[in-house]
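Let's take a walk through this structure together. Have the sequence and the coordinates open as you read.

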Amino acid sequence: MPTEPATEYDPSLGRKFVFVTGGVMSGLGKGITAASTGRLLANAGFDVTAVKIDPYLNVDAGTMNPYQHGEVYVLNDGGEVDLDLGNYERFLDIDMTFDHNVTTGKTYKHVIEKERAGDYLGKTVQIIPHITDDIKRRIREAAEGHDVCLVEVGGTVGDIEGMPYLEALRQFAHEEADDDILFTHVTLVPYSKNGEQKTKPTQHSVKELRSIGLQPDILVGRCEDQLEPQTKEKIALFCDVPTDAVFSNPDVEDIYHVPLMVEDEGLDQYVMEELGIADEALPSSDRKNGWRKLVTQETSGEVSIALAGKYDLEDAYLSVHEALKHAGLEAGVDVDVLWVDAEQMTEEHRNRLERADGLVVPGGFGARGTDGKIEAVRYARERDIPFLGLCLGFQMAVIEFARNVCGLEYADSTEFEEETPHPVIAILPEQYEVEDMGGTMRLGAHETQILEGTLAHELYGSDSCTERHRHRYEVNPEYIDQLERAGMTFSGRADNRMEILELDDHPYFIGTQFHPEFRSRPGRASPPFVGLLEAVLDRTAAGAEEEEEEVSA
């Protein structure tokens with residue numbers, strides 16, 4: 001009898017797996033909990049990677065509104081993915097690939113394409129085994145060659161779109177030895193009005209999980225404070241886990257303190273013991289402790305940076321916030337980010353801009369808010385405020401300079417005004433015939449050549465840099481000479497593409513067509529962000545000296 005062809009699924013790939021699910025509500029911090037655990041396992045000497053499962057039907061996150069799903073994070077290979085992969089890269093200090101993000105759209109698309117090609121030889125294509133095998137294949141292939149793979153399942157237990165993934169995990173449990181797989185469930189432990197920690201949401205969430213055939217090995221309670229001993233005991237009793245398998249993940253001042261919190265709780269040691277790798281871990285005295293030193297160091301002041309955008313939501317610009325934080329760690333200062341609504345430069349938002357020490361104009365798409373961003377750029381240029389423009393912010397700087405310095409009235413981008421008399425920003429030539437929106441921009445890591453003797457060269461300390469891109473439009477080559485004659489230097493180029501701009505007669509005015517924030521890490525901050533804060537501190541110090549001289553006089 002004919003046999004069904006292979007489903008491309010090799011159950012031998014991968015070594016140890018930690019699956020992280022969530023219950024009660026989304027946004028509890030599954031990703032940060034998993035990333036923090038991974039950071040500690042890496043400190044103990046293990047090679048750790050991660051997979052983020054997103055049950056939505058989109059093939060990738062590229063076409064999703066930041067208001068709904070936060071920023072679109074871009075990987076080296078051009079993958080447009082969920083922002084949680086940014087957290088994994090920052091916490092684990094690794095570069096991930098598009099294969100580390102599994103979506104329903106990606107999975108179903110692959111299976112349907114195989115069915116259309118006749119690869120299943122007339123068999124009925126079903127959720128089980130074809131979809132679940134494809135899910136497991138993707139997880140195992142991403143885990144290949146690593147000691148531990150953390151797998152975060154997006155959404156909450158009980159969501160209908162997440163059911164195939166939980167079924168795939170149930171199958172995983174049958175295919176693996178007990179000490180090769182671990183289920184961690186993150187739930188909400190709220191307070192009642194009388195101040196009691198309530199366990200019922202956790203009980204119902206675990207009941208839902210068990211009805212699918214999954215028994216959690218570890219429970220992590222998200223609460224404002226540490227879980228009380230009696231709370232842990234009650235959760236353990238009703239959810240059928242040992243009391244020492246119930247851990248607290250309380251609110252902390254900064255997400256980079258979460259690894260310290262879960263380490264103090266002993267979560268990493270428990271994970272290693274359950275996976276049977278505790279004996280392979282580095283002795284405590286030999287483990288890396290640079291993270292703890294870095295994130296607990298004392299700061300010597302605070303600077304404020306205005307962020308002029310159109311989304312009043314931190315997640316929409318998460319990597320920018322984190323890059324500023326990393327630069328702050330390097331400079332030894334706290335960074336207070338002041339949101340400036342570029343759509344309505346009202347008195348309140350104008351005041352925020354005016355009291356800020358520096359300005360960042362981030363990336364984005366569409367005409368909404370561009371006038372306010374251009375106004376903010378002009379303010380920074382004319383008043384010698386340290387400025388950093390990212391992608392669209394880079395393009396806004398070109399438009400503002402063309403209008404107000406070069407005298408090119410109504411200069412604009414063809415993205416916003418197709419009939420502009422001066423299209424200083426125009427669509428990339430290879431985009432002329434593009435119709436599909438998803439995954440068709442200039443994406444991922446590209447090399448930029450940097451001119452010697454420029455600010456960019458000083459920042460990167462090199463003749464080149466490799467940074468991640470996400471754009472359809474670029475500086476129009478027809479206007480480059482005119483812009484440079486007026487005083488704008490394009491200090492970074494990729495062939496005939498302008499990648500970095502700066503102004504020589506300004507204390508710090510730099511723009512990048514790429515997104516340097518995507519490669520910033522704690523302990524390895526992005527050079528343009530470090531330069532921004534250094535310029536702010538220099539300007540602040542100079543201002544303080546002037547005040548002292550005036551007082552002395």
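Is leucine 313 buried, partly exposed or exposed? Its relative accessible area is 30%. Buried would require under 20% and exposed over 50%, so leucine 313 counts as partly exposed. Keep in mind as you look that this is a predicted model.

To find leucine 313, go to the loop between strand E10 (302–309) and helix H12 (318–331). From there you can move on to serine 413, which lies 100 residues away from leucine 313 along the chain.

Now zoom out to the protein as a whole. Its secondary structure comes to 18 helices and 21 strands. Along the principal axes, the C-alpha trace spans about 75 × 65 × 45 Å. How does the radius of gyration fit with a compact globule? For 553 residues, such a globule would have a value near 24 Å, and the protein has 26 Å, which agrees. Of the 553 residues, 56% count as buried.

One of its members, glutamate 534, sits in helix H18, which covers residues 527–552. Glutamate 534 has a relative accessible area of 43%. That value lies between the 20% limit for buried and the 50% limit for exposed, so glutamate 534 is partly exposed.

Key
Residues numbered from 1 in each chain as written. Predicted model: local features only at pLDDT ≥ 70, side-chain atom pairs only at ≥ 80, totals over all residues. Heavy atoms only, no water. Helix = DSSP H or I, 4+ residues; strand = E, 2+ residues; numbered from the N terminus. Buried < 20%, exposed > 50% of the residue type's maximum accessible area, 1.4 Å probe, protein only. Rg over C-alpha atoms; globule rule 2.2 N^0.38 Å.
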